[in-house]
Amino acid sequence: MATTALTPTPRPIDVLNAEAMPEEVSQGKVILQRFLRHKLAVIALIVLATISVIVLLAPYIAPFKPTELRVGNYFLPPGSVADDGRVHWLGTDNIGRDYLSRLIYAGRISLTVAILAQIGSSLLGIVIGSISGYVGTWVDPLVMRFVEFMLSIPQLPLLLIISSIIIQYREALQLPAPLANFISWLLIIPTTETTQVVAIIGIFIAFGWMGDSRLMRGMVLSLKEQTYTEAARALGSSHWRIIFRHMIPNAMAPMIVSASLGLSGFIIAEAALSFLGLGIQDPTPTWGNMLSIAQSSMLQIPWLPLIAGTPIFICSLAFNFVGDGVRDALDPRLKM
Amino acid sequence: MATQAMVNFLIRRVFEMAIVLFLSALASYTLLSFAPGGPLSFLTSVQIRLNADDIARIRANYELDLFVPVRFTRWLIGQPNGPLYIGGQLIGADVVVGCRIPDTINVVENGKVVTREAGCRAGQDVTLLDLAADPTRRQVRGVLFGDFGLSHQILRNRPVWTLVESRLPYTIQLMLMSTTLSILIGVPLGVYSAVKQYSIFDYIVTTLSFFGSSMPTFFFGLLMIMLFALYFEQWNLPHLPPGNAIAVRDWTMGTFMGDWRIEAGSLADRALHMIMPTTVLTLFTVAGWSRFVRGSMLEVLRQDYVRTARAKGLWERVVIAKHALRNALIPFVTIVVFSIPGVFGGAIITETVFNWPGMGRLYFDALGRSDYPVAMALLMITAFLTVVATLVSDILYTVVDPRIRLS
């Protein structure tokens, strides 16, 4: 650009043969490059992508149906062949269901629960945090006091109570048919089993939004002082427009980082609840309740917990690494 | 001046703490009163024939015949205990506070006949006078005055506090051990990897701490049981007991030097039982704490006074230990204090995996067996410790760092 300004006779720029200037690198490319520099994060992302593909193609990959059981085939060793020639690659469980197939279907449920819970609590946190920070006046202290209250009560014990109540009442609770059908189609489980899945996601959201709302509020408070917010207000933008078009997009980076680091926590939380028998209940497979069954049959098959627990560990580790990579890429200042 | 500010701060905080505790008590009590199960469901499930009088008696014994708000205030402060007695006159003797035998009606719901409670059977109201006059009714003092009520299931009709008291030593034992170990391991790891930032050691510690914090405690616990208890026994190596705090009977541990006989309840027995749960809890805490210490150490090492100390020609060891570490540990102190409430809440999973007879296990059992007074007591103890720990860590902040003012 500078050269064209200096030349006395302006000539048309030869777009096709122009050399790319270094500053033309887009923001997205910079972020991608920073992420790719984090080798472990890239590996973790590949692992997660592989797991997601396996889990999405569950009906085509898994040799058996998750609830398909053969009486008498209890605790078959890995590699046993069923009557119809299909192979139990990882053996069978305590009532003769194929272990590998259950692991695959369980992954579909466990991952969905974690992802939906994270999306839900991030959204709730963003909405509550931005309203609280933007409105200020009496709303802000009230909301923040409530957040402090929620954070100062012991979480796990309360979570256990609520989920134990919901589990005992799950027959009585009913989801709206379209939601039940959607979840049932998404997770390949009977519609009668969808209530508990939605309930668990709901509990996680109810207990998971506080951190995000604090983060969002902090961002909004600092963004409120920025000149572009002032400009938007001077131009007559409505409050909602300022919140949704200026505040939220500008606060996105830390929120994405927090969400990607939070996923690992939800994977573990879901597994822990199901492991304690207060999460998603048995015929529906999740990694947590499979681990719980594996624990009770440890005397027969000591290595069973290793198989049921490894996916939990791998996913939680991978989400942590990806989250770390995303933080390095999006917001390097946050790094400790 | 400073003390005045401190006193004001303390008064305000204690007041806030009381509100938080009250609200969380109210919330948990309400939740638990909606929870199904309870002492009656157990009796009906074992198919004992109960007539209406039996049911009324049992309900009265556990105060289930009182309305929830009345039950809550009686649980909290031991009131109302009966009608007021002012100037020789009973006030409010006829106020209805509960119902001995609720009336039931059958409703058709979704094509099924469901029995619902609806109103009270005539003449079966419980009045305030009944509360005071009935000799079989337990006189309650309320949680505020140290009365946590009676256990419904786990130790039927015994005070909840007896149960808590019997489990407390085990939890404290486990927690003291793992907290001490975590500090002893976590702090040096964090400091060393901060001082040698980007070295191989730092890289390994950081990666391992990622693994540690990604590893679910229940999975790690099961893996340890699998290897050190089950497989080691099969392979005739010295193995550890898979669970519990004390063996029921004497056991033998195969070692390279012949069989060792371990007496049940001996020090060796207790120590061997503690190894696995302590390791699991320690690993998890060390992962978090070493990362925290590393972060805060890196921050401090960048400060001007550290450069000044080095410029003065002090030994690097003195700079690290005296100038940097002391300041880096300020925020860490609060983290450690804040982990105290975890004594009760946080160990639920670990204690369940290892069948450790502590408070976390007790809470889990209480939920599983619908023993809500026990669950309520543990919830309140945890909530109390949490708010106290928050206060203590706030105060400690100002003690270790005079620049921070309480406000």
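1. Nonpolar cores. In this predicted model, the largest nonpolar core has 147 residues. Those with the most contacts inside this core are A:I200, A:I267, A:A272 and A:L291 from chain A, with B:Y363, B:A375 and B:L378 from chain B.

2. Helices 12 and 13 of chain A. Helix 12 of chain A spans residues 252-275, and helix 13 of chain A spans residues 287-296. They pack at an angle of about 40°, with their axes 7 Å apart. Angles from 65 to 115 degrees would count as roughly perpendicular and those under 35 as roughly parallel, so these two helices of chain A are oblique to each other. The crossing of helix 12 of chain A past helix 13 of chain A is right-handed.

3. Residues at that packing. Helix 12 of chain A brings A:E270, A:A271, A:A272, A:L273, A:S274 and A:F275. Helix 13 of chain A meets them with A:W287, A:G288, A:N289, A:L291 and A:S292. By class, this contact has 6 nonpolar, 4 polar and 1 charged residues.

4. The contact between chains. Chain A gives 35 residues and chain B gives 38 residues. On the chain B side, helices 1, 7, 8, 12, 13 and 14 of chain B each supply at least two residues. Helix 8 of chain B provides the largest share, 8 residues. What is the make-up by class of the side of chain B that touches chain A? That side has 29 nonpolar and 9 polar residues, and no charged residues.

Key: Residues are numbered from 1 along each chain as its sequence is written. Chains are lettered from A and ligands numbered from 1 in the order in which they are written. This is a predicted model: local features need pLDDT of at least 70, side-chain atom pairs count only at pLDDT 80 or more; totals for chains, interfaces and linings use all residues. Two residues are in contact if their C-beta atoms, placed from the backbone, lie within 7 Å. Helices (H or I, at least four residues) and strands (E, at least two) are DSSP runs, numbered from the N terminus. Ala, Val, Leu, Ile, Met, Phe, Trp, Tyr, Cys and Pro count as nonpolar, Asp, Glu, Lys and Arg as charged, and the others, Gly among them, as polar. Axes are lines fitted to C-alpha atoms, for helices over the stretch in contact, and angles run from 0 to 180 degrees between N-to-C directions. Angles under 35 degrees count as roughly parallel, over 145 as roughly antiparallel, 65 to 115 as roughly perpendicular and the rest as oblique. A crossing is left-handed if the near helix is turned anticlockwise from the far one by less than a right angle, and right-handed if clockwise. A nonpolar core is a set of buried Ala, Val, Leu, Ile, Met, Phe, Trp, Tyr and Cys residues joined through C-beta atoms within 7 Å. A residue is buried if 20 or more other C-beta atoms lie within 10 Å of its own, exposed if 12 or fewer, and partly exposed in between; C-beta atoms are placed from the backbone.
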